[in-house]
Amino acid sequence: MTWIDKPKVKWAGQKSNELGLTLRDYEGGLSTLCAGCGHDSVTAAIVQAFWDLAIRPEQVIKLSGIGCSSKTPAYFLSGAHGLNSVHGRMPSVATGALAANRDLIAVGISGDGDSLSIGFGQFAHAVRRNLNVLYLIENNGVYGLTKGQFSASSDPGSKAKKGEENRAQAIDPVASAITLGGSFAARSFSGDKEQLVPLIKAGLAHPGCAVIDIISPCVTFNDHEGSTKSYAWTRAHREAANLADLVPPAKAIEASYADGQTLPIKLHDGSVIELTKLDPDYDPTDRARALQYLESHRAARQIVTGLLYIDSEQPTLNDIAGTAKKPLTEFEFDELNPGSAALAELQKHMK
Amino acid sequence: MKPTDTSDPDYFHRVVDCQWGCPAHTDVPEYIRLIAQGEFTDAYMVNRESNVFPGILGRVCDRPCEPVCRRARIDEKPVAICRLKRVAADHKEDIRERLPIIPEKKNGKKIALVGAGCASLTVCNDLMPLGYECAVFEALPVPGGLMRSNIPAFRLPAEVLDEEIDYITDMGVDLRLNSPIESMKALLDEGYDAIFVGSGAPKGKELDIPGRQEGKDNIHIGIEWLESVAFGHIKKIGRKVLIIGVGNTAMDCCRTSLRLGADDVKVMARKPRGFFKASDWELEDAEEELVEIVINHSPKSFVVEDGRLKGMIFEVMEYDIEDGKITDTRVVDETFIEADDVILAIGQETAFPWIERDIGIEFNEWDEPEVDRTTYQSTLPGVFFGGDAAFGPENIIWAVEHGHQAAISIHNQVHGKSVDDRLPDTMNLSSRKMGIHEWSYSNSFEPAARRKMEHVPLSERFKNLGTEVELGFNAEQTACEVERCLNCDIQTVFTDELCIECDACVDICPTQCLTITENGEEDELRQRLTAPADNLDQALFVSGGLEQTGRIMVKDENVCVHCGLCAERCPTAAWDMQKSLLEIGYAADHDVTPCPIRKTG
C-alpha cells in the first residue's frame, strides 16, 4: 500500500476534455491492490475511456461484488455513484439500479471468482436478459484474495504458484456469454490499452449487456511459469481477431467502409463501432462461427481477443420489462404511491 | 533512439535542473533536505563546498538555479532556493572546526593573487589547505571586491561579508591591503610560482553625450558612486535622481539614492520591459520602494544651466517587436526630465592598464586578455584570470566557479603537470528504499505556492543605509518552502531486464511522463508518448528493448515530480529511486604528488 496521495499536480501540457475535466478528475482513491496488479491497468483504461467520451461522472453507477476485482470501483470515477454488493450479486443490484433509473450508465466490475463461481447464475441471467450494463470481468484465473487457489477460469494443466496442477475444466466467460444469448462479448488484456480502451468505449455505447473478459494477471499468485494467465503467457499466446473503435454519431455519418477491411456496426444512437479485421475471415455477427472460432483457438491454447460477438439489435431488459422511461426519483409522490384505492382496484384483477 | 547511457554523469546531473544550472554545481536538493531536517550547519557546509560564500550568495546571488527549477514548470514559481541558502547560513552553528586544517609545513609554492574579490578568495580557499602560500594584493583598505564596494549594505550586511571572507583569510592568507599592483612585469619578477588575476571589471561605462563635461559634478558613474557610498565618502544626493540603465547596478543605485536623501528616483530604460538586464526580483524590490521605471527613453543630452545640472533630454522611442525581438526602432518625441543628480549604470568593463602588453599576455580586439575557458590560463603560462577579470562582468557564483577551476590549473601547473589534466565529474547512485513503501526522502508532494519574503517596512528601511531589507524566512516559511523542492536528485532509475510491462508505473504517474511503446526516432517518439514531450530542453530516458515485447520504456524528464510512485507500484523493482551524488573534482582531489610511503605496523 502506498502511503502518500497521488500528487495533484497541475503541469503544463495537461489536457482537458469537452467538459473541461482532466484525466485526473476521473480517478478515484489510490489503489490498495498489489503493485503490478493487472486490475490497476484496467482501472486506468476505464479512466481513459470515460475521459475520452467526456461522460459526466455523476451519470455513472459503479457496481461490484467481492474480490480483488470488486475493490477497483473505489479507484476510478470518485464522482460516480456506486455500490459494493454481496459476493457474486453485482448483477442483481445492477438490475435493481437500472430498473429504477434506466438513464444511469452502469459499470459492473467483477472477477473470475465473483462471476464464474459464486455468481455464475447471476452472470448468466444478466447476460440472457441483456441488462444494459458494461460487465467487466477482471480475469486472473486465481483466487488472489484467499492466497492463490485455482479459480473457475484456471485452464486445465496450468500450475499454481507452488507447482500444483489444475485438473478441472475452465469456464470461458466469452463462450458462455455467447451461448447464453449475450449481445456483446469481447476479450482483451490489461497490458494492452490500445485494444482495451476502445473496447470499453464500444461496450459503453452498446445498448445491452456488454461483457468484456479482461485477462488481468495476478502478479502475486499467478504470474509464474506454468500459469496461463501470466503477463508473459498472455502476451505470447494472444491472437487479436479485430480492433474495435467507437465512432461518435457526428463522425460516423462521414465515414465510409468500402475497403472490406473494416466492419461498421451501427448503434441506435447513431454512433458506429468500427471493427478493423485482423483475421479477414472473422465475422463477429455470426454466432455459430464465433463459437467455432473460440473453440478452435482454445484447443490450440491461444487466447483470442477483440470484439468476438455482437448483436446490437437485441432488446434490453428495460425494453423487455417495460420499465419506467424516466427515473423513479423524477416521479411525483402521487404517481409513485397512488394510494389504497388504486391498490384495491389493481387487486381486483388478481382475485 | 538508442538506450540512454545513464552511466554518463551528465545524464542524471541534467535532471537536477538547479544543480546543472548553477555554475558551481551546488547540490541544491541535498542542502534543502538538510534544512528540512534542521541540520543547518550541514546544509551550510554542503553549500560551502561548491559555492564558498553561502551567506553572501543566499542574499545576492543572481540565482541561475531558480529560472530552471522544475517546480517553475509545474506551478510557475520556482523553489526559493536562494532564500533557503540564507536560512542555512543564518541558523548554522560555528563551522570553524569543520573547515580544512591548514598544514603548518608549506609545500613551498607561492601564489600571488591580484584583487581580494570572490574569485581570488576562492582560489585561496582551495589552495591554502594544500600547503600553498597565497599573497593577495588588494587596492582597497578592505577585502571583498565588488561584494563590498558595489553591493549596498541593505542587501548584504558587512558582518555577513566579513564572516565568510575571514574563514578564508584566517587560513593564513597573506592579505596585503592598500596594495594596488602597478605593473604585472614587476609582479612576475617577484618570483611567484603562479599569478591569479581576479581584479574584476572595475571600469564603469561612460555616456558621451552633450553636457557630460559641463555637468560632471552631478553626473556619477554607478559603480564608482556605489563604492564611494560604501566607504562613506558620499553621504547624500539630490532630491531628484535619474538612473541611466536598467541592470542590477541600476537597481542598487536607485535604492541607495533613496537612502541618501532622494525622494524622486527614476530609472530610465531605453527599451521596454522584457529587455531589462536586471533580475526580476531586483526590479520588484526597487518598485516596492516606489522607484519609477520609465521605459522607451533614450538619453540625448544633459541640460546644464549656470554650471548646474538641471536635467536631461531624452528621445522617446517606439519599437516594433516580433517574437521578443526588436525589428524596428523609431524616435517619436523628445522630452526633458528634471534631475539634481544623474547616475550612469550602463555597464562596466575590465581594465588592465597595469599589464604590460609585451610580456606574453595576449589581448583580443576588445582589449580583453585571451583566457582559456577551461583552464583560465592566459597566453602566458602560470598567469591565470578569473571572475569578471576573465570574461567581463558576470556574477559572484560564476567568479567562484572560475576560482575553483583556476585553482586546479594552478595546482597542476606549479607541479609540472598539464593544466588540461583535469578530473571528470563522477556520479554515485544509491537507493533511497527503506521498506516496501518507504523512502528516505520526503516524496509527498507539497502543493503550496512559493513563500513570500518579508521586508522591513518602507517607513523604517530608509533611516539607515545599512538596514537589511529582507528579513529572511521564518520557521513556518522555511518548513513549507523546503517541502516544495521536488528532490530531483532522487532519480528514477530503470532496469530493463526486470520489467514485466504491467503498466503499473505508466498508470500511476501523476504527470503522465512514462510510456511503454515501440522505439522510433526522437522527434516522432516525443509526439506519441502518453503526453507529448514538447519541452525539447528536457531529455527523454529510453530503455533497451523489454523482454516480453521488445518495446521500450520511455520517460520524459520534463515534469517528473520525483514522487517515487512508479517505483512504489513496480512489482519487480525495475524502477528504483536512487539519490545521485555528483562528485566534482576540486584542486585537492587532483593528486599531483606521488603517494608518500607510509610506515605501517
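Me: What makes up chain A in terms of helices and strands?
Reply: In this predicted model, chain A has 13 helices and 13 strands. A run counts as a helix from at least four residues and as a strand from at least two.

Me: What share of the contacts in chain A joins residues 24 or more positions apart?
Reply: Among contacts with a separation of 6 or more, such pairs account for 72% in chain A. A contact here means that the C-beta atoms lie within 7 Å.

Me: How many residues does each chain give to the contact between A and B?
Reply: Chain A gives 24 residues and chain B gives 30. On the side of chain A, helix H1 (38-52) and helix H8 (231-237) are the elements that give two or more residues. The largest share, four residues, comes from H1(A). By class, this side of chain A has 13 nonpolar, six polar and five charged residues.

Me: Which strands form the open sheet in chain B, and in what order?
Reply: Three strands form the sheet in the order S20-S22-S21 (chain B), with antiparallel pairing.

Me: Why do S20 and S21 of chain B stand at the edges?
Reply: Strand S20 (514-517) and strand S21 (540-542) of chain B each have a single partner strand, so one side of each is left without a neighbour in the sheet. Neighbouring strands of the sheet are turned by 20 degrees against each other on average, direction ignored.

Me: How do you know that S20(B) and S22(B) pair?
Reply: Two strands pair if there are at least two bridges between them. S20(B) and strand S22 (residues 552-556) of chain B have four bridges, in the antiparallel sense. Within S22(B), Met553(B) stands opposite Ile516(B).

Me: What is the predictor's confidence in chain B?
Reply: The mean pLDDT of chain B is 94, and 99% of its residues reach 70 or more. The model scores ipTM 0.91 and pTM 0.90.

Conventions
Residues numbered from 1 in each chain as written. Chains lettered and ligands numbered in written order. Predicted model: local features only at pLDDT ≥ 70, side-chain atom pairs only at ≥ 80, totals over all residues. Axes fitted to C-alpha atoms, helices over the stretch in contact; angles between N-to-C directions. pLDDT = per-residue confidence, 0-100. Contact = placed C-beta atoms within 7 Å. Nonpolar A, V, L, I, M, F, W, Y, C, P; charged D, E, K, R; others polar.
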